[in-house]
Amino acid sequence: MHREVLDCIRARRSVRRYEPGQIDDAHLDAILEAATWAPSGGNNQSWQFTAVQNKDRLSEINEALRQGFLRWTPDDGYPAKRKAIVNARNENHHYFYHAPTLIIVSNVPGYQNGMADCATALQNMFLAATALGLGSCWINQPRWLTDDAPLRKLLSSMGLPESHILYGAAAVGRPGHKPPAPARKEGAIRIVR
């Protein structure tokens with residue numbers, strides 16, 4: 001087995017601070033290509049990857065998220081959802097950490113494997129970004145507001161299909177810090193022979 005793959009998996013971190021400046025086009029192309037090579041149920045490949053790099057459009061998305069969370073009532077007690085609402089009260093909060101690139105991952109409605117397919121594509125993007133020396137972070141907030149009309153109108157104006165369900169996004173950029181490796185929890189592995 002190639003040690004480089006395992007090393008890349010171990011090196012990947014959720015980066016929440018980015019250097020100014022856009023990533024190279026070649027890097028974006030490589031990350032998006034890696035996403036398309038992810039497995040999908042029945043090889044459907046019904047996902048779409050919408051990469052946004054325009055600073056003004058990114059600000060619009062962030063503000064649409066902020067406004068959406070001010071109107072939103074979460075459907076469960078997940079702590080990060082409650083925090084998203086608290087963060088919305090701060091006009092300076094940035095849901096994707098001022099990353100210069102945001103890749104929104106969506107899929108067709110009614111497809112039972114949508115989340116799994118999009119999650120594998122996101123993981124491929126994170127590993128590709130790590131291999132290229134870039135930082136990345138999974139952004140959940142678009143998923144939680146997938147039915148928010150103003151956010152959807154904005155994203156539709158950027159080419160995201162109106163019918164698609166938002167499954168997540170990848171913030172990507174040059175890392176502004178190197179997060180330490182989190183401890184691994186004990187007991188997660190069981191081997192039955």
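This is a predicted model: local features need pLDDT of at least 70, side-chain atom pairs count only at pLDDT 80 or more; totals for chains, interfaces and linings use all residues.
## Overall architecture

How many helices and strands does the protein have? There are seven helices and four strands, and their order along the sequence is α-α-β-α-α-β-α-β-α-α-β.

The C-alpha trace spans about 50 × 40 × 35 Å along the principal axes. The radius of gyration is 17 Å, which agrees with the value near 16 Å that a compact globule of 193 residues would have. Of these 193 residues, 44% are buried.

## Salt bridges within helices

The salt bridges in the protein come to six. D7 and R10 form a salt bridge whose closest N and O atoms are 3.7 Å apart. D7 counts as partly exposed because its relative accessibility is 41%, a value between the 20% and 50% cut-offs.

Helix α3, residues 55-71, holds the pair R57 and E60, separated by about one helical turn because they are three residues apart. Their salt bridge has its closest N and O atoms 3.5 Å apart. Both partners are partly exposed, E60 at 36% relative accessibility and R57 at 25%.

Another pair in helix α3 is E63 and R66, again three residues apart and about one turn of the helix. Here the closest N and O atoms of the salt bridge are 3.1 Å apart. Are the two partners buried or partly exposed? E63 is partly exposed, with a relative accessible area of 31%, while R66 is buried at 7% relative accessibility. R66 counts as buried because 7% is under the 20% cut-off.

## A salt-bridge network

Salt bridges also link residues into a network, and its members are D75, D76 and K81. In the chain, helix α4 covers residues 79-88.

## A buried aspartate

Where does D148 lie? D148 is in the loop between α6, residues 141-144, and α7, residues 149-156. This aspartate is buried, because its relative accessible area of 11% is under 20%.

D148 and W72 are 76 residues apart along the chain, yet their C-alpha atoms are separated by 8.6 Å.

## Loop residues with positive phi

Q45 is partly exposed, with a relative accessibility of 40%.

Y97 also has a positive phi, in this case about 60°, and is not a glycine. Y97 belongs to the loop that runs between α4 and strand β2, residues 101-107. With a relative accessible area of 25%, Y97 is partly exposed.

How values were computed
Residues are numbered from 1 along each chain as its sequence is written. Side-chain values use heavy atoms; hydrogens and water are left out. Helices (H or I, at least four residues) and strands (E, at least two) are DSSP runs, numbered from the N terminus. The radius of gyration is taken over C-alpha atoms; the globule rule is 2.2 Å times the number of residues to the power 0.38. Buried means under 20% relative accessible area, exposed over 50%, partly exposed in between (1.4 Å probe, protein chains only). A salt bridge is a side-chain nitrogen of Lys or Arg within 4 Å of a carboxyl oxygen of Asp or Glu.
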